[in-house]
Amino acid sequence: MLNILLLGLTSLLADFSSEMIVPILPFYIQALGGSGVVIGLIFGVGDAVAAVLRVLSGYVADKTKRYKSLVFGGYLFSSLAKFAYPFAGGLAQIAVIRPIERLGKGVRDAPRDAIVSESVPESERGRGFGIQRAMDSLGAIIGSVVVLVLFVMLGLSFRSIFLVSAFISVAAVIPIFFVKVPRGLQASRKAVSFKKLSPKARAFIGIATLFALANFSNAFFLLRAQGSFSGFSWQGALGLTLSLYIFFNLFDAVFSEPAGALSDRIGRRRTIIIGYSLFSVVTLGFLLMSLFRITNYEYLVFLLLFAVYGMFKAFIDASQRAFVSDLSPDEVRGT
C-alpha cells in the first residue's frame, strides 16, 4: 500500500500543477484569438500524443523492467515542459507546447499503472486504483481552488499562474524516489508480445476505444458553461465556471475510492457500465440545455451536471485500469 500512497502523492502534486493550467487554458487560447475548433485541436492532439505513446511506454517497461525510471522520467519531462507555457505568446506556441507537455503523461501512465496493479492483492486492485485516483483528484481540487484565488480574486496574469504551476510540478517527482517496483513485475522473464493479450483484453480495449471516440475534452463543458454567464463580467463568468470545475473534481475525489472498491465487490464490468451510463446522462443534459434555455436555475443545473461528470470519472478511471490489469498476465501488464 506504500507504493499506492507514494504514487498517489505524486499524482496529487502533478494534478495540483496541471489543474492550475487546464481550466484556464481554453480561455487563454480564446484571448489569443483561438476558436472552439482550435481549442479542440490543441487539447485533442495533446491527448492523442499521450495515448499513442502510452502503448510504446508500457511495452518498453515490460521489456526492460525499468518501470520506475519511466515513471520518474515522464513526470520530470512534463514538469520541465510546463516552464514553456509562460513564454508562449501565440496560438502556434501553445499548439506545440501542449502535445510536448503531454509526452510526459504518455511515458509515465502505463508503467505507473503496472506498479499500482501489483502493489495490492488482486481482490483489492480496484480499491488500490481508486485511492491513487482519489489523491490525483484531490490535487485537482487544490489546483482549481488556487487558480480561482490567484486569477479571479487576486488578478494574476495567465503567465504568472503558468509559472507558479511549473514550479509546483517539480515537487511531484520527489515521492517516486521511494517507490519500490513489486517483485511480480521484476521477476517475469517471459517474452513480451502484443500477441499475449487475451481475447477478452482485446475485446475490452476495442470497447474502450469506441467509447473514447465518443468522449471529448472537458474544455468544451467549461466553455459551454462560461457562455451561459454572459450577464456577468469576464472575471465573474470565469469565476463561476471555475467553481463548477472545482465541484466536478470534488465529486471525482470523493467517489474514486468507493467506486474502485465497488468494482472489487460487484465486478469491473458492472462498474464500468455505470460509468458509461453516467457520461450519457451528462452529455444528454448538456444537449437539453442547448435546446431549451433555462434562465432561473441554470447554475444549479450546471452544478448537477458537473457533479455527475465527476462521478463518471471516478467510476471509469479506476475500474478500467483495474479491469485491464485483471485481463493481462504479468509479463504484459504495462503493455
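Which residues are linked in a network of salt bridges? Arg 54, Lys 105, Arg 108, Asp 109, Arg 112, Asp 113 and Arg 321 are. A salt bridge here is a side-chain nitrogen of Lys or Arg within 4 Å of a carboxyl oxygen of Asp or Glu.

## Basis

This is a predicted model, in which local features need pLDDT of at least 70 and side-chain atom pairs count only at pLDDT 80 or more, while totals for chains, interfaces and linings use all residues. Residues are numbered from 1 along each chain as its sequence is written, and side-chain values use heavy atoms, with hydrogens and water left out.

## Salt bridges

Side chains of opposite charge can pair when their charged atoms come close. The count comes to 18 salt bridges. One of them joins Arg 108 to Asp 109, with the closest N and O atoms 3.8 Å apart. Both Arg 108 and Asp 109 are buried. Buried means under 20% relative accessible area, exposed means over 50%, and partly exposed lies in between (1.4 Å probe, protein chains only).

Glu 118 bridges to Arg 125, again with closest N and O atoms 3.8 Å apart. Arg 125 counts as buried because its relative accessibility is 5%. Arg 268 and Asp 326 meet at 2.6 Å, N to O. Arg 268 lies in helix α12 and Asp 326 in helix α13, so this pair ties together parts that are 58 residues apart in sequence. Helices are DSSP runs (H or I, at least four residues), numbered from the N terminus. Arg 268 is buried, at 7% relative accessible area. Asp 326 is partly exposed, at 25%.

## Nonpolar cores

A nonpolar core is a set of buried Ala, Val, Leu, Ile, Met, Phe, Trp, Tyr and Cys residues joined through side-chain atoms within 4.5 Å. The largest has 64 residues. Leu 25, Ile 94, Phe 162, Phe 302 and Phe 306 have the most contacts inside it. Another core lies apart from it, with 26 residues, including Ala 14, Ala 61, Val 120 and Met 135.

Contact means heavy atoms within 4.5 Å. Beyond residues up to four places away in sequence, Phe 306 touches Phe 221, Leu 222, Ala 225, Leu 244, Phe 248 and Phe 286.

## Aromatic pairs

The whole structure holds 28 aromatic pairs. Rings of Phe, Tyr and Trp (its six-membered ring) pair if their centres lie within 6.5 Å; planes under 30 degrees apart count as stacked, over 60 as edge-to-face and the rest as tilted. Phe 248 and Tyr 309 are stacked, at 4.8 Å centre to centre and 20° between the planes. Phe 248 sits in helix α11 (residues 234–266) and Tyr 309 in helix α13 (residues 298–326), so the pair ties together parts 61 residues apart in sequence. Both Phe 248 and Tyr 309 are buried.

## Two buried helix positions

Leu 7 belongs to helix α1 (residues 2–18). Leu 7 is buried, at 2% relative accessibility. Leaving aside neighbours within four places in sequence, Leu 7 contacts Val 71, Arg 112, Ile 115, Val 116, Gln 132 and Val 179.

Ser 263 belongs to helix α11. Ser 263 is buried, with a relative accessible area of 2%. With neighbours within four places in sequence set aside, its contacts are Gly 126, Arg 268, Thr 271 and Ser 319.

## An exposed position

Leu 291 is found in helix α12 (residues 268–291). Leu 291 is exposed, with a relative accessible area of 56%.
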